[in-house]
Amino acid sequence: MDWQAIFLSLRLATLTTGLLLVAGTPLAYWLAFSPRRWKFAVEAVVALPLVLPPTVLGFYVLIAIGPHSPIGALYRGLFGGTLPFSFGGLLVGSLLYSLPFTVQPVTAAFAGVDRRLIEAARCLGASPWKTFIRVVAPLSRGGIGTGAILTFAHTVGEFGVVLMVGGNIAGSTRTVSISIYDQVEALDYAAAWHTSLLLAGFSFVVLVLAYSLGRRKGSLWPAI
Amino acid sequence: MAGDLICRCRKRLAQGFTVEGDFTIPLDRAPVTVLFGPSGAGKTTLLRLLAGLERPDAGEIVFRGRTWFDSSTGVCLAPGRRRAGFVFQDYALFPHLTVAQNVKFGAHGNTSDAVLRQFGLVEFADRLPRQLSGGEQQRLALARAVAAKPELLLLDEPLSALDLNSRVKLRHELRRMLLAAAVPSLVVTHDRTEAMALGDFMAVMVDGRLRQLGPVQEVFRRPADQETAIAVGIENVLPAEVESRSNGLLQLRAGQARLECVDRGESGAVLALIRAEDVTISRDLAPGSARNHLPGSVAGVAREGPVARVELECGLPLVALVTAQSVADLDLHLGQTVYAAVKATAIHLLPGPGTRE
């Protein structure tokens, strides 16, 4: 088993989940509560990675972070390296690729919070921030948890974008899914069996967790 | 005046329905004002406009000399800065917070313990709202609003989420709690009994417009127009014509019958309002103080618990509210000949349709 690849995938998934929770929550809040009519356009952009072939997304990311692009130049100025075929580039690709897996469940959870509870908080003098921290976020725990789990699992399982942006460099960009691809290419079916089984089992456990969390949310705080 | 709530605003809703409020409530003279009207009259919308949960299209709202909303200057205070406590119809208690945490949410200073005691919620302090009975939840909703030290309380159908038994029981308790909180309150209700039990003042709303505002008894006794009369439950609204006047009394022709009432200067076409409980029924022509004795026949009897609505045909359709016992004693049945008696002072006149004051 390629433990190096497995740990790399876990590191990538943890970072992606953490960063997306930080960046995706304000976006989800805006999508759930903004009265803007054109927000459906933003929703569509957020959902794009669900339908785009990973190769298309990967190709655009590769171009966007290339050394001659503004982002690539900025990165080089700040950190002195290049993004394509590095762990940093992989992270950028993963963030975009998994965006809908964070934003959609969290948006749905925010939108599902009873409007009158928010109005009650505002009438009691709570600021929007206090209302969010004390009312909206605690009542959206299930959705936030689901979003985090799905994001983590999806990042662990991604293949196309990783291959396009990161290539296949051991210890740097070779994730567990690429490791399986390698093993099959090398006709090492035994190793491919083991790694595939591990990923399949992991995905199953994660989905069970996500669905049970969603279920609990329904019964934890029943409407009064 | 300094102690008043002045509201002159309107808002057009999605279905083309417009809610309009143009009134001044003397808060110092009216601890509890009831906003009364049939369902769909716009009462809740008006309450939400006052709370700042909805923004009026135009107009102004001034509370005790402080502008809450003014479309001409663009002033629109956020709900929290109006210091108006809102009690929602289904309470909107925070389901994930305990009773004590709910009360503390908007509490000013260390008031929350005192408020818990005041509302008898100390023993429930650590429970979640869903572990309380309906009546206790209602008390918690009020306690949470009071703990934020509001200057005005807005209650949207506060008793409607309760079953009938607790509703009757809580009516007087609610008034007691509102008076004890010493905060002027505006209570929305569509229930006449509730309006009478709770309010000092009453504002009647019909079809999105505020029709009348005054002391509760006054509004029930002397509604200002036909819609208000119907809304406050005056069963007999009869088109009539003033025929003559003598000795401080007016003689009216209504349908095929004649009525006599107190002369307050009306003339021409009028509407005669008579409450059903002010109509008495007898088998024979009984002389008494009542000025109006109308021969007629029983056209219908509908029992409603201990009372009965009796429809009479006396040359004009007349509804009387009598006890079920009287129905039995008089042996009232369909087609029976009876006399209806109405005191001259029980008839209230409005300008008739087509005439304006």
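Predicted model: local features only at pLDDT ≥ 70, side-chain atom pairs only at ≥ 80, totals over all residues.
Local features need pLDDT of at least 70, side-chain atom pairs count only at pLDDT 80 or more, and totals for chains, interfaces and linings use all residues. Residues are numbered from 1 along each chain as its sequence is written, with chains lettered from A and ligands numbered from 1 in the order in which they are written.

Over residues 217-224 of chain A the pLDDT is below 50. This stretch has 11 contacts (C-beta atoms, placed from the backbone, within 7 Å) beyond near neighbours in sequence.

Helices (H or I, at least four residues) and strands (E, at least two) are DSSP runs, numbered from the N terminus. Helix 10 of chain A spans residues 176-185. A:Leu187 follows helix 10 of chain A and has a positive phi, near 60°.

The contact between the chains takes 16 residues from chain A and 21 from chain B. On the chain A side, helix 6 (115-123) and helix 7 (128-139) each supply at least two residues. Helix 6 of chain A gives the most, with 6 residues.

Chain B holds an open sheet of 5 strands, with order 14-13-12-15-21 and antiparallel pairing (at least two DSSP bridges between two strands). Strands 14 (257-262) and 21 (348-351) of chain B stand at the edges, each with a single partner strand, so one side of each lacks a neighbour in the sheet. B:Pro239 has B:Leu271 of strand 15 as its bridge partner.

Conventions:
Buried ≥ 20, exposed ≤ 12 C-beta atoms within 10 Å, placed from the backbone. pLDDT = per-residue confidence, 0-100. Contact = placed C-beta atoms within 7 Å.
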